[in-house]
Amino acid sequence: MKGSDTPVVLIVEDEPDVAETYNLWLADEYEVRMAQSGDEGLAKLDDDVDVVLLDRMMPGLSGDEVLKRIRERGLECRVAMVTAVEPDFDILEMGFDAYLCKPIRSEQLHDTVENLLERSEYDDLLQEYYSLVETQATLEATKSSAELADNEEYARLQERIDGLRDDLGDALGGIEGDEDFIATLRGLSDGEE
């Protein structure tokens, strides 16, 4: 969180009723900005924005293109795709931090925003790891084992995750296995609160 004590959430959603619902759910805890198009979202995006809730399918500038421009700008905000589009292997190259399929519930939205804010405190290596694991989990929830096994990009994603886990394990003191790794990360997170 950069500018003030209150985190800033930017909602980029072309359906006004959906955007207003998200705003009502979040406005008590966060400073909420709203944009109804990709171009408007980019115009409202600055260094104060902590989390972007980004619809993937919008007329004009798509959520995919907005995400690409956010990353090109080098902004440190976390981005959650909030969309009705079922994920496919094209998400492997997107670089989002979370992927939520509509319809979503208030609790799910709150949990995602909190998780992304917490992850903003981590270093770049850990953020990359979480982003890739999120992509992996999204694909595993929607693709069959056979589809995953046949996709070379997915295999490269798994290799990258394994490499990052090893690098992070070394940096955190030689952690062995996923259970130790997750417990250590949770311990780091709890210690920062």
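Reply: The discussion below takes up aromatic pairs, salt bridges, a charged patch, a peptide bond and a contact. Please keep in mind that this is a predicted model.

Me: Let us begin with aromatic rings. By what is a pair of aromatic rings described?

Reply: Two quantities describe a pair of aromatic rings: the distance of the centres and the angle of the planes. In this structure the count comes to three aromatic pairs. One of them joins Tyr 22 and Trp 25, whose ring centres are 5.9 Å apart and whose planes stand at 35°, so the pair is tilted.

Me: Where do Tyr 22 and Trp 25 lie?

Reply: Both belong to helix H1, which covers residues 16-26. They are three residues apart, about one turn of the helix.

Me: Is Tyr 22 buried or exposed?

Reply: A residue counts as buried under 20% relative accessible area. Tyr 22 has a value of 5%, so Tyr 22 is buried. Trp 25, at 26% relative accessibility, is partly exposed.

Me: I turn to charged side chains. How many salt bridges are there?

Reply: A salt bridge requires a side-chain nitrogen of Lys or Arg within 4 Å of a carboxyl oxygen of Asp or Glu. The count here comes to 11 salt bridges. Among them is the one between Arg 33 and Asp 46, with the closest N and O atoms 3.1 Å apart. Arg 33 counts as buried at 17% relative accessibility, and Asp 46 counts as partly exposed at 31%.

Me: Which residue forms a salt bridge with Glu 40?

Reply: The partner is Lys 44, and the closest N and O atoms of the two are 3.3 Å apart. Glu 40 and Lys 44 are four residues apart in helix H2, so about one helical turn separates them. Glu 40 is partly exposed at 30% relative accessibility, and Lys 44 is partly exposed with a relative accessible area of 32%.

Me: What does the salt bridge between Asp 97 and Arg 78 link?

Reply: This pair, whose closest N and O atoms are 3.2 Å apart, links distant parts of the chain. Arg 78 is in strand S4 (78-83), and Asp 97 is in the loop between strand S4 and strand S5 (98-101), 19 residues apart. Both Asp 97 and Arg 78 are buried.

Me: Which residues are linked in a network of salt bridges?

Reply: Glu 13, Asp 55 and Lys 102 are linked in such a network.

Me: Which residues form the negative surface patch?

Reply: The patch is made up of Asp 28, Glu 29, Glu 107, Asp 111, Glu 114 and Glu 118. Glu 107 has its place in helix H4, residues 106-119. Glu 107 has a relative accessible area of 54%, which makes this residue exposed.

Me: Is the peptide bond from Lys 102 to Pro 103 cis or trans?

Reply: The bond is cis, with omega near 0°. Pro 103 is found in the loop between S5 and H4.

Me: Finally, how many residues apart along the chain are Tyr 129 and Arg 165?

Reply: They are 36 residues apart along the chain, and their C-alpha atoms are separated by 7.4 Å. Tyr 129 lies in helix H5, residues 124-142, and is buried with a relative accessible area of 6%.

Technical notes: Residues are numbered from 1 along each chain as its sequence is written. This is a predicted model: local features need pLDDT of at least 70, side-chain atom pairs count only at pLDDT 80 or more; totals for chains, interfaces and linings use all residues. Side-chain values use heavy atoms; hydrogens and water are left out. Rings of Phe, Tyr and Trp (its six-membered ring) pair if their centres lie within 6.5 Å; planes under 30 degrees apart count as stacked, over 60 as edge-to-face and the rest as tilted. Helices (H or I, at least four residues) and strands (E, at least two) are DSSP runs, numbered from the N terminus. Buried means under 20% relative accessible area, exposed over 50%, partly exposed in between (1.4 Å probe, protein chains only). Patches are made of residues with over 30% relative accessible area and no salt bridge: like charges are joined within 9 Å, nonpolar side chains (Val, Leu, Ile, Met, Phe, Trp, Tyr) within 5 Å. Accessible areas come from the Shrake-Rupley method with a 1.4 Å probe; for residues, only the protein chains shown count as cover. Lys and Arg count as positive and Asp and Glu as negative; His and the chain ends are not counted. The place of a charge is taken as NZ of Lys, CZ of Arg, CG of Asp or CD of Glu.
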